[in-house]
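The exercises below concern helix packing and aromatic contacts. Each task is followed by a worked solution.

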Amino acid sequence: MMFFKIARYNFKMGIIFRYKLYIIFAIFITLQLLFTLPIVMESSEKVGFMDLIIYIFSGSTPFVKDVDKTFQIPIIWCAFILYISYINQDYLLKDRFDFGQLTLIQMRSRINWWLGKCFWLLLNLVILFCILCVVTALFVSITSGDISFLNNNTCYLLSNISVEGVSIPILLFTALLMPFVCMFAISILQFLIQLFIDPIISYIFVGALTITSVYFDNNFFFLNGMMMKRNILFSDNGSINSISVLLIASFISFVSFGLGAILFRKYDILKHKKGAII
């Protein structure tokens, strides 16, 4: 019963009262999709829903030192990760030193407080990915007149990725589920670092991991799982295996969740000084 109260509190304070951040996210996605209009208008086929999802999570081809002179940092991909991390950081930090402390005292249950915040992280991502899908579907409907799922030629024009022969379940797994799992892993890891080390360090860590993942094409840098251009299913030069990344990201999530629950039992949040958000 107490968990549901804290879950309702986090939903109200972390989502309802912060609706402007979700509107900004919707605008951000819309602006990224608008960049595709020249290609969409010139294409002989209508743009599909998954064409645009793949475009957002296409990322960049693997970086090759001293060879790839045309390598470009995937700005859209980086901005997507860093903005969601900012949303996490903003609420968790403010709540921790404001009403969150009062809630913790009233609840007298550290584990429910921790569970409530982890639940909020999950719910926050569900809402953000729903916004992504709704905005994308509306964009496809407006530009094409109806909603189609996928057009291989248009997808290739937008992202230089061929999905011919790839089944729909595999496509949904790599283009939507993998980014979701990777974002939850980095979100709960960020929360763990923020709570027990330092808020600024936690955001710097996310930024550093994001940039490092751009330059190192490796499964252990699990954010690579959000770049379809590096997936072995879609690129001959890619080395990212979705199953391996899924296992690594899931392991990080479970370890961060369990470690946080254990450490928080003896953690004195009232004595921890307030940090500053970037």
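The model is predicted.

**Exercise 1.** State which residues form one aromatic cluster.

Solution. The cluster is made up of Phe25, Phe28, Phe57, Phe80, Tyr83, Tyr86, Phe129 and Phe180.

**Exercise 2.** Count the aromatic pairs in the whole structure, then classify the pair of Phe57 and Phe129 and place its two residues.

Solution. 
Step 1. A search of the whole structure gives 10 aromatic pairs.
Step 2. For Phe57 and Phe129, the ring centres are 6.2 Å apart and the planes make an angle of 10 degrees. Planes under 30 degrees apart count as stacked, and this pair is stacked.
Step 3. Phe57 sits in the loop between helix 4 and helix 5 (75-97), and Phe129 belongs to helix 7 (residues 110-144).

**Exercise 3.** Describe how helix 4 and helix 8 pack, and give the residues in contact.

Solution. 
Step 1. Helix 4 covers residues 49-56 and helix 8 covers residues 152-159. Their axes lie 9 Å apart, at an angle of about 20 degrees.
Step 2. Angles under 35 degrees count as roughly parallel, so helix 4 and helix 8 are roughly parallel to each other.
Step 3. The crossing of helix 4 and helix 8 is right-handed.
Step 4. Helix 4 contributes Asp51, Leu52, Ile54 and Tyr55 to the contact, while helix 8 contributes Thr154, Cys155, Leu158 and Ser159.
Step 5. Sorted by class, the contact of helix 4 with helix 8 has five nonpolar, two polar and one charged residues.

**Exercise 4.** Carry out the corresponding description for helix 7 and helix 9.

Solution. 
Step 1. The angle between helix 7 and helix 9 is about 145 degrees, and their axes are 10 Å apart.
Step 2. Helix 7 and helix 9 cross in a right-handed sense.
Step 3. On the helix 7 side, the contact residues include Trp113, Trp114, Lys117 and Phe129. On the helix 9 side, they include Pro179, Phe180, Met183 and Ser187.
Step 4. The contact of helix 7 with helix 9 has 18 nonpolar residues, one polar and one charged.
Step 5. Phe129 and Phe180, both in this contact, are also members of the aromatic cluster from Exercise 1.

**Exercise 5.** Locate Asn160 and describe its phi angle.

Solution. 
Step 1. Asn160 lies in the loop between helix 8 and helix 9 (168-196).
Step 2. Its phi is positive, about 60 degrees, although Asn160 is not a glycine.

Terms used:
Residues numbered from 1 in each chain as written. Predicted model: local features only at pLDDT ≥ 70, side-chain atom pairs only at ≥ 80, totals over all residues. Heavy atoms only, no water. Axes fitted to C-alpha atoms, helices over the stretch in contact; angles between N-to-C directions. Helix = DSSP H or I, 4+ residues; strand = E, 2+ residues; numbered from the N terminus. Parallel < 35°, antiparallel > 145°, perpendicular 65-115°, else oblique. Left-handed = near helix turned anticlockwise from the far one by under 90°. Contact = heavy atoms within 4.5 Å. Nonpolar A, V, L, I, M, F, W, Y, C, P; charged D, E, K, R; others polar. Phe/Tyr/Trp six-rings, centres within 6.5 Å; stacked < 30°, edge-to-face > 60°.
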